[in-house]
Amino acid sequence: MDGTGASHDFRNRFEQSKVAESKREALIQDLIDENDRLAQAYRKMALDLESETEGRRRLQGRIHSLQSRRSFVLVLIDADGDGYIFRDNFLNKNEEGGKQAADELLVQVRKYVGELGLDTTKTDVVVRAYANLRGLGRHCARDGLMKATADLGLFANGFTKRQPLFDFVDVGLGKERADDKVRETLSFFINNEQCKHVLLGVAHDSGYAPFLERFVADALVQGRLTMLQGYQVRSKLIVLQKARTPRVQSILIDLDRS
């Protein structure tokens, strides 16, 4: 082979080597890219797994929290009318009377909770009483239910402070403010899993009938509602009463008495 042929052969072999080197570099680059892709996919899977694990942990914590929460019964009283006025022996003792009324109400409600088959040691009693204290105070004084020295505000303070889950709320002036509070509170709690039963002190006001009809139509909800019997039950609400209607005579005044 002469010099020209050898040079041509070397050139061809060099070009082939360059092509092979280029392919090798391309292969290495493809391997690097694939490795990067797999590493990125792994990191994403690891993050997804971590997120899922954390999600399960939060869910388990939520379930545990729900399971560990105490059950409660809710007592809602529209105290702004004649149907649910506390007895004068409580009202006239001001703050001390409020405390005594709260204690007695707790005893009476716990007794009824036991009759419902609920565990009284594991069931809290939550009470919300709503009234325009200024207007109700004038009404009680006018009808001789309170002495001149009695102060309904002090009674409400004693009632609220006595039990941690009891509140006697002054709704202020305004038509149906107490009604609105009762309606919204019932709507908020009625589907709460921890709320096992609701006692309603609204039997004196037929205006509640349209609102309560939607609850009575639901058999599951109706079984968790009881009308707290006052001195009078309006005709439109009689159909909403259940056979078991506790009457807390030792706490609420009986205006039917002679």
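Trainee: Which residue just after α4 takes a positive phi?

Mentor: In this predicted model, G144 does, with a phi of about 75°.

Trainee: Why are β4 and β5 called paired?

Mentor: Two strands pair if there are at least two bridges between them. Strand β4 (residues 195-201) and β5 have three bridges, in the parallel sense, so they count as a pair. L200 stands opposite M227 in β5.

Trainee: What makes L133 and C140 in helix α4 buried?

Mentor: Buried means under 20% relative accessible area. L133 and C140 are among the residues of α4 (residues 133-142) that are buried; therefore each has a value under 20%. The buried residues of α4 pack against α2 (88-91), β2, α5 and β3.

Trainee: How do you know that F155 is in contact with F168?

Mentor: Contact means heavy atoms within 4.5 Å. F168 is on the contact list of F155, which leaves aside neighbours within four places in sequence, so the two have heavy atoms within 4.5 Å of each other. The list also includes F86, F90, L91 and A101.

Trainee: Which residues touch the most other members of the largest nonpolar core?

Mentor: Of its 33 residues, these are L91, V125, F155, F159, F166 and F168. Helix α3 gives the most to this core, with seven residues. A second, separate core has 19 residues, including L74 and L200.

Conventions. Residues numbered from 1 in each chain as written. Predicted model: local features only at pLDDT ≥ 70, side-chain atom pairs only at ≥ 80, totals over all residues. Heavy atoms only, no water. Helix = DSSP H or I, 4+ residues; strand = E, 2+ residues; numbered from the N terminus. Buried < 20%, exposed > 50% of the residue type's maximum accessible area, 1.4 Å probe, protein only. Core = buried A, V, L, I, M, F, W, Y, C linked by side-chain atoms within 4.5 Å.
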